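Visitor: I've got a model open and I'd like to learn how to read helix packing in it. Can you walk me through?

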Amino acid sequence: MKAVTWQSTESLEVSEVPDPRIEEPTDAIVRVTSTAICGSDLHLYGVLSPYLHPGDVLGHEAMGIVEEVGPETGDLRVGDRVVVPFNISCGHCWMCQRGLQSQCETTQVTSQGKGAALFGYTDLYGSVPGGQAEYLRVPQAQYGPIRIPETGPDERWLYLSDILPTGWQAARYADVTDGDTVLVIGLGPVGQMAARSAALQGAERVIGVDLVDERLVMAAAHGAETIDTRTVDDLPSAVMEATGGRGADRVIDAVGMEAHGNPLAEKVIGLTARAPKALARKAVETIGIDRLAVLHASIDSVRRGGTISLSGVYGGMADPMPLMTMFDKQVTMRMGQANVRRWSDELLEIVGRDGDVLDLEGLATHHVPLTDAPEAYRTFRDKEDGCIKVVMQP
């Protein structure tokens with residue numbers, strides 16, 4: 001089959017790889033009908049390249065039709081139309097029973113000290129072949145795949161794999177309540193979902209922050225006020241002015257470790273990614289840093305007693321944090337990979353409503369065949385051609 005494979009730093013290929021097969025009784029094989037490029041896939045281009053190997057199959061946002069099932073996949077049937085959550089969870093362990101599917105104790109990558117295995121996401125998360133391919137082996141298929149209606153375009157359902165539950169959890173973790181002002185920093189796909197989720201969860205005002213025209217326009221079209229960071233000298237000051245000097249009740253950081261704003265950190269991260277693999281891994285695991293401009297701006301922009309929710313991925317082990325400010329302001333901070341199946345029933349009902357209330361079908365700006373993946377990655381990374389979200393068809 002054809003699949004998107006990592007070859008080296010900033011180099012991908014669409015390669016012929018062996019078709020997946022049933023390896024465990026709880027496996028299923030899904031014929032992929034749509035798959036997407038996620039913002040966190042871009043970390044594989046550079047920061048996390050020391051944990052990849054030539055030929056690794058990428059991708060963790062996929063949906064399709066069940067082609068084959070193992071003997072212990074419950075009531076999953078051949079022919080079912082499913083969305084595949086990006087984290088692989090069993091549904092019955094201590095963590096899953098408590099809604100922490102991203103920490104599933106059955107699939108935890110204990111050798112790396114990490115949580116649940118992820119599709120297409122490096123040695124750190126189990127080296128499970130990903131969904132940017134014609135077919136996908138789905139472990140723990142008795143629980144993971146989300147069965148969806150046979151009707152409706154793929155894009156109404158595809159984002160249940162990751163970015164919609166990630167945005168929804170970001171708002172839930174921010175404790176959004178009726179009447180809140182919610183600041184969303186970063187208006188990529190997850191930021192767009194977080195902004196729409198916050199509004200649906202009761203926020204009175206949603207303020208979206210970015211520096212890309214198309215992202216700002218999209219957020220505004222869905223009811224957000226916007227701040228273009230190219231037009232303000234200091235983001236926290238602009239937020240304070242917009243909120244009468246108090247700050248935002250809730251702040252969602254939808255950017256993460258590759259934020260703009262720290263050229264020195266960017267160079268250090270780039271050098272680490274290109275170092276010999278053993279040295280690079282040691283550096284990441286002991287002295288790794290992130291670009292923290294957005295996280296620090298979040299701390300300065302939230303009101304006293306407010307909540308910050310991190311949905312952007314961070315990977316540093318030696319990040320300096322302004323603990324005096326955080327303590328003095330009595331800030332609550334929550335974070336982590338989305339627990340996709342925790343939210344899937346709730347979100348299925350919302351996504352299935354008439355009218356596409358979250359405008360999921362309007363999110364993707366680029367639709368390409370799987371064979372165009374390397375160029376699509378570059379376009380998405382470089383924010384060219386108005387690219388906000390890429391969906392690929394095998």
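**Reading a helix pair**

Guide: Overall, the chain has 12 helices and 16 strands, where helices (H or I, at least four residues) and strands (E, at least two) are DSSP runs numbered from the N terminus. It's a predicted model, so local features need pLDDT of at least 70, side-chain atom pairs count only at pLDDT 80 or more, and totals for chains, interfaces and linings use all residues. Residues are numbered from 1 along each chain as its sequence is written, and side-chain values use heavy atoms, with hydrogens and water left out.

Visitor: What share of the 394 residues counts as buried?

Guide: 57% of them, with buried meaning under 20% relative accessible area (1.4 Å probe, protein chains only).

Visitor: Now, how do I read two packed helices?

Guide: Two packed helices are described by the angle between their axes and the distance between the axes. Here, α6 (residues 235-242) and α9 (residues 293-301) pack at about 30°, axes 9 Å apart; axes are lines fitted to C-alpha atoms over the stretch in contact, and angles run from 0 to 180 degrees between N-to-C directions. That makes α6 roughly parallel to α9, a label for angles under 35 degrees.

Visitor: Which residues of α6 and α9 meet?

Guide: From α6, Leu 235, Pro 236, Val 239 and Met 240; from α9, Ala 297, Asp 300 and Ser 301. Contact means heavy atoms within 4.5 Å. These residues divide into five nonpolar, one polar and one charged; Ala, Val, Leu, Ile, Met, Phe, Trp, Tyr, Cys and Pro count as nonpolar, Asp, Glu, Lys and Arg as charged, and the others, Gly among them, as polar.

Methods
Angles under 35 degrees count as roughly parallel, over 145 as roughly antiparallel, 65 to 115 as roughly perpendicular and the rest as oblique. Buried means under 20% relative accessible area, exposed over 50%, partly exposed in between (1.4 Å probe, protein chains only).
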